[in-house]
Amino acid sequence: MRRPLVLGIETSCDETAVAVVEGLEVRSSVLASQTEMHARFGGVVPEVAARAHVEAIRPLVHQALAEAGIYSDQLDAIAATRGPGLIGALMVGFAFGKAMAWSLGKPFYGIDHMEGHLFSPRLEFDAYRPPVVVLLASGGHSQIVSVREWGDYETLGATIDDAAGEAFDKLARFLGLGYPGGPAIDAASQDGDPSAFAFPRALRDRPFDFSFSGLKTAVVTRLEQAKEDGTLPPRADVAASIQEAIVDVLVDKTFNAVEATGARAVAGGGGVLANRRLRRRFAEEAERRGIQLFLPSPAYCTDNGAMVAAVGVDRIEGGAPPDPLGSDVDPGMILGA
Ligand code: KG4
Ligand code: ZN
């Protein structure tokens, strides 16, 4: 049987991303990154993001259709991110998707961005299926999810303050490494010594939860002390030590959840999973335990339209009704809540 051909639109933060997916096969996936625009401000400026989405969305949709080699009337459905994210940014992609669905007379599906990240390994791995423990770590959210079935999620733990990506972004800004911080710290850490500084690993007594807000204070205090003592190490060592502190916690807590659930598979999604050190540590730990590991390629860890379309495909194949065109974005939605 022919599988659904779905257009996915993602505009929850600072990437306008559009993809055409057939079943779980990506026919095209394109994006317009606003990184340079926001780098000047050291972070995402919501109004700037929304306006940039308005400019980028139409040409990107055309590009995605052209690269997939299809006309819009061949689509079976349109899917767009409903939340969580920046309200103005979300509204652009969501409204565009609904308008397109209306004009083509096709069903429309509003998608949870974090479920998109959770689905992203499906684009590349046939063997990725429940039961599995998934670490979702992005710029705004960090959680560990036990997937019992597609659509049946139990959040075992989450950050109690900053998201992991947010911690990377804040600390990179502090070190003067620019925005976005994750890739900058990843790069700056390459020749660094991760044991130069033993930064704190918070919430040791809570097996599945994270806390990253104290890390910045710890880093600032330790660096000031080192400067006073004249023992300030190279920036690469500081970056590598920060990265190690964040990665350690993410790996420990995720594998605590693997152990507690008895899962034989572990996966990840969200921009932070593009981190090279985190990927290596996940690979080592999964191998040591003899369990399967599913990490998307970096381009599918960060925001993309294909993951949104993939959730749409699953909805259609599961017989879920489309969302009404009167439905709205939900900036604060929480997966599994
Ligand atoms: O999922 P994502 O692309 O957008 C959101 O949904 O937020 O995640 C973006 C986050 C940013 O905080 C960024 O710094 C982080 O992912 N990130 C990384 C890396 N690449 C992106 N963090 C660590 N290492 C990376 N290589
Ligand atoms: Zn994301």
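Trainee: Is L203 buried or exposed, and what is its relative accessible area?

Mentor: In this predicted model, L203 is found in the loop between helix 6 and helix 7. Its phi is near 55°, a positive value in a residue other than glycine. Most residues other than glycine have a negative phi. Buried means under 20% relative accessible area, and L203 is therefore buried, with a value of 18%.

Trainee: Which residues supply the protein donors of the zinc ion (ligand 2)?

Mentor: The donor residues are spaced H-x3-H-x185-D in sequence. The donor atoms lie 2.0 to 2.1 Å from the zinc ion (ligand 2). The residues that supply them are H113 (NE2), H117 (NE2) and D303 (OD).

Trainee: How many residues apart in sequence are the parts that H117 and D303 tie together?

Mentor: H117 is buried, with a relative accessible area of 0%, and D303 is buried as well, at 14%. H117 belongs to helix 4 (residues 113-119), whereas D303 is in the loop between helix 10 (298-301) and helix 11 (305-317). The pair therefore ties together parts whose separation in sequence is 186 residues.

Trainee: What distance separates the end C-alpha atoms of helix 3, and what span should its residues give?

Mentor: Helix 3 (residues 87-104) has 18 residues. The expected span is 1.5 Å times one less than the number of residues, so helix 3 should span 26 Å. The end C-alpha atoms are in agreement with this, being apart by 26 Å.

Trainee: Against which elements do the buried residues of helix 3 pack?

Mentor: The buried residues of helix 3 include L90, V92, F94, F96 and M100. G105, with a positive phi near 70°, follows the helix. The buried residues of helix 3 pack against strand 1 (5-10), helix 2 (46-68), strand 4 (77-83) and strand 5 (108-112).

Trainee: Is helix 5 roughly parallel or roughly antiparallel to helix 7?

Mentor: The axes of helix 5 (residues 164-175) and helix 7 (residues 213-229) come within 10 Å and cross at roughly 25°. The contact involves K170, L171, F174 and L175 of helix 5 with L215, K216, V219, V220 and L223 of helix 7. Angles under 35 degrees count as roughly parallel, so helix 5 is, relative to helix 7, roughly parallel.

Trainee: What is the omega of the peptide bond from Y179 to P180?

Mentor: P180 lies in the loop between helix 5 and helix 6 (181-188). Most peptide bonds are trans. The bond from Y179 to P180 is cis, with omega near -5°.

Definitions and conventions. Residues numbered from 1 in each chain as written. Chains lettered and ligands numbered in written order. Predicted model: local features only at pLDDT ≥ 70, side-chain atom pairs only at ≥ 80, totals over all residues. Heavy atoms only, no water. Helix = DSSP H or I, 4+ residues; strand = E, 2+ residues; numbered from the N terminus. Buried < 20%, exposed > 50% of the residue type's maximum accessible area, 1.4 Å probe, protein only. Contact = heavy atoms within 4.5 Å. Donors = N, O, S within 2.8 Å, 3.2 Å for Na, K, Ca; no water. Axes fitted to C-alpha atoms, helices over the stretch in contact; angles between N-to-C directions. Parallel < 35°, antiparallel > 145°, perpendicular 65-115°, else oblique.
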